Amino acid sequence: MDHNLKKSTRLRRLNRLAPQVRQIALNRPDDIEGWRISRLLRDATTPAEADEAERQFRVWEQAL
């Protein structure tokens, strides 16, 4: 049960992060990658998808 709570909280956090990433991408006309990552963050529903979205987000964030 605790694992489900953590998973749910993590997915909600990623979902809340998606619009922020999208807004940054919109302010940078050439940032298609940021837009794509915002969708990954928004659409993640499994731990594997969340891991991949967070990994790609960290790489994108470092490149800013």
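Residues are numbered from 1 along each chain as its sequence is written, and side-chain values use heavy atoms, with hydrogens and water left out.

Let's start with confidence. The term pLDDT is the predictor's confidence in each residue, from 0 to 100. The protein averages 89, and 89% of the residues score at least 70. Among the elements, α1 has the lowest mean pLDDT, 84, while helix α2, residues 32-43, has the highest, 96. A word of caution here: where pLDDT is low, the predicted coordinates should not be read in detail. When I say helix, I mean a DSSP run of H or I with at least four residues, numbered from the N terminus.

Let's stay with α2 for a moment. Its 12 residues reach 17 Å from the first C-alpha to the last, close to the 16 Å expected at 1.5 Å a residue; that expected span is 1.5 Å times one less than the number of residues. Which residues of α2 are buried? They are Gly34, Ile37, Ser38 and Leu41. These residues cover an arc of only 105 degrees around the axis, which puts them on the same side of α2. The arc is taken from the directions from the helix axis to the C-beta atoms. Buried means under 20% relative accessible area, exposed means over 50%, and partly exposed is in between, using a 1.4 Å probe and protein chains only.

Now to the charged side chains. How many salt bridges does a search of the whole structure find? It finds seven, where a salt bridge is a side-chain nitrogen of Lys or Arg within 4 Å of a carboxyl oxygen of Asp or Glu.

Please look at Arg10. Arg10 pairs with Asp51, with the closest N and O atoms 2.5 Å apart. That pair links distant parts of the chain, since Arg10 is in helix α1 (residues 2-27) and Asp51 is in helix α3 (residues 47-63), 41 residues apart. Arg10 also forms a salt bridge with Glu54, and here the closest N and O atoms are 2.6 Å apart. Glu54 lies in helix α3 and Arg10 in helix α1, so this pair ties together parts that are 44 residues apart in sequence. Glu54 is buried, at 13% relative accessible area, whereas Arg10 is partly exposed at 22% and Asp51 is partly exposed at 42%. Arg10, Arg13, Asp51 and Glu54 are linked in a network of salt bridges.

Another salt bridge joins Arg42 and Asp43, at 2.8 Å from N to O. Arg42 is partly exposed at 35%, and so is Asp43 at 39%.

Finally, the rings. The whole structure has one aromatic pair: Phe57 and Trp60, which are tilted, 6.0 Å centre to centre with 35 degrees between the planes. For the cut-offs, rings of Phe, Tyr and Trp (its six-membered ring) pair if their centres lie within 6.5 Å, and planes under 30 degrees apart count as stacked, over 60 as edge-to-face and the rest as tilted. Both residues lie in helix α3, three residues apart, about one turn of the helix. Phe57 and Trp60 are both buried.

Notes:
This is a predicted model: local features need pLDDT of at least 70, side-chain atom pairs count only at pLDDT 80 or more; totals for chains, interfaces and linings use all residues. Helices (H or I, at least four residues) and strands (E, at least two) are DSSP runs, numbered from the N terminus.
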